[in-house]
Amino acid sequence: MNTSIKIQNEIEQFALTELNSYYTGEKPVHFEYVDMGLTDDHFEMIQQDNQYVIRGNSSRAILYGVYRFIEKVEGILFLDLKKQQTIEAVGIDGVYVGKPRFTRRGNVFETIDDVPFLKSMLDVGTKNGLNEVFFTFFLWDEVKDALFEDIRKRGIEVTLGGHSLRYLIAKARGLQVTGKAAADGAVNDLIGEETEFTTAHAIKNHDFLQDEQAQQQVIELIVSYCKNEPAIRRISLWPEDVGAIGEGAVQFLTRYIAFAEKVQLALQQVGLQVDVEHIVYNAGLSWEMLERKQQRVGTTDILYAYWGRDYTKSYESERDVRAWQSLEDWRQATEKSITVFEYYSDHFMLSELFPLLFKQIAVDVDRYEELGCDGMVNLVVPLHKVAKAQAHMGNYDYQQYQQLNNIVFARSLWEGLETIPHLLSESMQQFAQQIEHQLGQNSQFNAKFFPSRVVEAKNPEAKSDVIQMLTAVEQVIEQASPEAPLQHYAQALKEVVRITKERWEAL
């Protein structure tokens, strides 16, 4: 394969390898660097004389250009974790411009230590335009050696943080704590079960935020992580997953923002160009952790994570309107970068009654872009161990089902990049819309019932509404003839609906 630049780094070599793996044509393909005056991920493709040219602002932009070139010229799509999909090759007419709608586009992994799955997510995510992967510190320690090469050759940026505070404090004190133990503790936190790790390393946010010595120990440890790995480009360490209420909420954001600024300063003092952000998060549905309420705006970036949306609406319910107003307030109050954290692939929040959210994802992307947000990340959470242990879940492939929303999410973050028409036939588009309309309600029920969820059937007062929703989903599945890639999803969902409905009817 001919290129007009000398291959200078691992990303460019990988782009060339990927091109040679999929391109079957005879026309030469040239790579060029072009300063478009835009972000590093912008690229162009053009058919020029008897050759193709892929131009990019950076090595990673050229890699994105290669994948879009393969899609246009070879008709190959990467919408599945296990296999590629073929569509009609339309070629390149004039100049094709690849323009991301957000600077930051990523997936968040908190507890998943399934290395083959993570490798597949990195691969398919990059092929569809994602540029970031976000790990908790404890998960990073577990998987970094296995994933390092995959991350580096794609130029993917790494964010470290999440609910890792207990883990970092323990490590900073010289205690032997495994990432696996911390991950198990984080998973069990969701349902209020203690583990040996959570019992031994209990911590309260307000205690840590007033303990200068503990903060300094954690900061020094964070700096050492960043020194050891250049791929780490951002720190996003969150408070523990407990809502700040009462007196504890009064100074919470002020102290938490101040801590984030200390981390930022420490990194700058040793010459590391690593961004730091603080999360705005309604942990335990605590508005005091989500709303600014005249709090001082810090000098770090912001990650806005509203948990508990009704995904059948676009911030229209009374509770969700309040959350949208909070996001607007933060956007107006700061010039720093704001990234929105969404839960489109969260199998705890959405449960195994997993809704397709294709329409809502598109609406969300438009609204967040209009508001002036700078990035979006999507949380990927596996089935909880309680669900995995149930007999009827034997054929439930959560990894493929979460990817249905994730691919639509990834491709929606680029201008003019087709999503649903490439993914589904017209009949399956209609089926997906019906599933979204009916099953999207699951998100509002799960938030209202938290920590119990619809699949656990523990709230008799909602029996009529839930059974009505489940019956409607049953009818949609029965009346459709699902095709790939929704065939197995529909079959598994049908069984989950049946079992869940029986539980509610027995209340």
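Start with helix 3 (115–127), which gives four residues to the lining of the largest cavity, the most of any element. Helices (H or I, at least four residues) and strands (E, at least two) are DSSP runs numbered from the N terminus. On a 1 Å grid over the protein atoms alone, a cavity is a set of points where a 1.4 Å probe fits but cannot get out, a pocket is an open set with protein on both sides within 12 Å along at least five of seven lines, and lining residues have an atom within 4 Å of a point.

This is a predicted model, where local features need pLDDT of at least 70, side-chain atom pairs count only at pLDDT 80 or more, and totals for chains, interfaces and linings use all residues. Residues are numbered from 1 along each chain as its sequence is written, and side-chain values use heavy atoms, without hydrogens and water.

Next, select Asn107, Phe109, Met121, Leu122, Gly125, Thr126, Leu130, Glu132, Val133 and Ile156: they line the largest cavity, which holds about 70 Å³ of space. A volume is the space filled by probe spheres set on the points, which are joined across faces, edges and corners.

Now move to the second largest pocket, with a volume of about 560 Å³. Which residues lie nearest its centre? Select Asp40, Arg60, Asn131, Glu157 and Arg233, from a lining of 29 residues. Finally, colour helix 4 (137–154), which gives the most to this lining, with three residues.
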